[in-house]
Amino acid sequence: VKVVVVNGPNLGRLGVRQPDVYGRQDLQTLRSLCMQWGQDLGLDVEVRQSDDEAEMIGWMHQAVDEHTPVVMNPAAFTHYSYGLADAAHMVQDAGLPLMEVHISNPSARDQFRKHSVISPVATGTITGMGLYGYRLALEAVAHLLEEQ
Ligand code: DQA
């Protein structure tokens, strides 16, 4: 089963951006880890990153059309993109697992990070576990697919 792992704005800067908050591992490392974890779980994982809201929305449409579960770190779009939330809603409406991941724990940070417009349309949310959160999200997807 194919699963897309989509990462929002500035996550291409993993490893150099606030390493105290997001760690020292880069996007390429996250990509390798997710593919390895996917393999362990029998999932064919593709990791994407974009700074562009339109591109991320397009990926949600594609997930619906191709019936692909989604793991998403919406990054800053989490807090204000109703466009991405509407697109994520369509993924949920299609009966597909959609796991929201945050590397940090946004609730423990700035006030504007305490609200997610994505959480209401996510199957579940994992925060504060670093890159390991992606593994937990992939495990959740595998579990949800087994249950279906
Ligand atoms: C983030 C948290 C967001 O608040 C922030 O805008 C990000 C990354 C995280 O993974 O912890 O870019 O989604």
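Colleague: What should I know about the numbering and the confidence limits before we start?

Modeller: Residues are numbered from 1 along each chain as its sequence is written. In this predicted model, local features need pLDDT of at least 70 and side-chain atom pairs count only at pLDDT 80 or more, while totals for chains, interfaces and linings use all residues.

Colleague: What makes β4 and β5 paired strands?

Modeller: Strands are DSSP runs (E, at least two residues; helices are H or I, at least four), numbered from the N terminus, and two strands pair if DSSP finds at least two bridges between them. Strand β4 (residues 98–102) is joined to β5 by 4 bridges, so the pair meets that definition. The two run parallel, and Met99 has Gly124 of β5 as its bridge partner.

Colleague: Why are β2 and β5 called edge strands?

Modeller: The open sheet of 5 strands has the order β2-β1-β3-β4-β5, with parallel pairing, and β2 (44–49) and β5 (124–127) each pair on one side only.

Colleague: How do you know that helix α5 lies across the sheet strands, and at what angle does it run to β4?

Modeller: Contact is judged between C-beta atoms, placed from the backbone, that lie within 7 Å; helix α5 (residues 132–147) lies across β1, β2, β3 (70–73), β4 and β5. Its angle to β4 is about 170°, taken between N-to-C directions on a scale from 0 to 180 degrees, with axes fitted to C-alpha atoms, for helices over the stretch in contact.

Colleague: Why is Asn73 called buried?

Modeller: A residue is buried if 20 or more other C-beta atoms, placed from the backbone, lie within 10 Å of its own, exposed if 12 or fewer, and partly exposed in between. Asn73 has 23 within 10 Å, so the residue counts as buried. Asn73 lies in strand β3, and its contacts beyond four places in sequence include Asn7, Val101 and Ile103.

Colleague: What makes Ile103 buried?

Modeller: Ile103 has 24 C-beta neighbours inside 10 Å, and therefore counts as buried. Its place is in the loop between β4 and β5, where Ile103 touches Tyr22 and Leu131, among others.

Colleague: Which residues surround the ligand?

Modeller: Among them are Asn73, His102, Ile103, Ser104 and Arg113, a residue being near if its C-beta atom, placed from the backbone, lies within 6 Å.

Notes:
Two residues are in contact if their C-beta atoms, placed from the backbone, lie within 7 Å.
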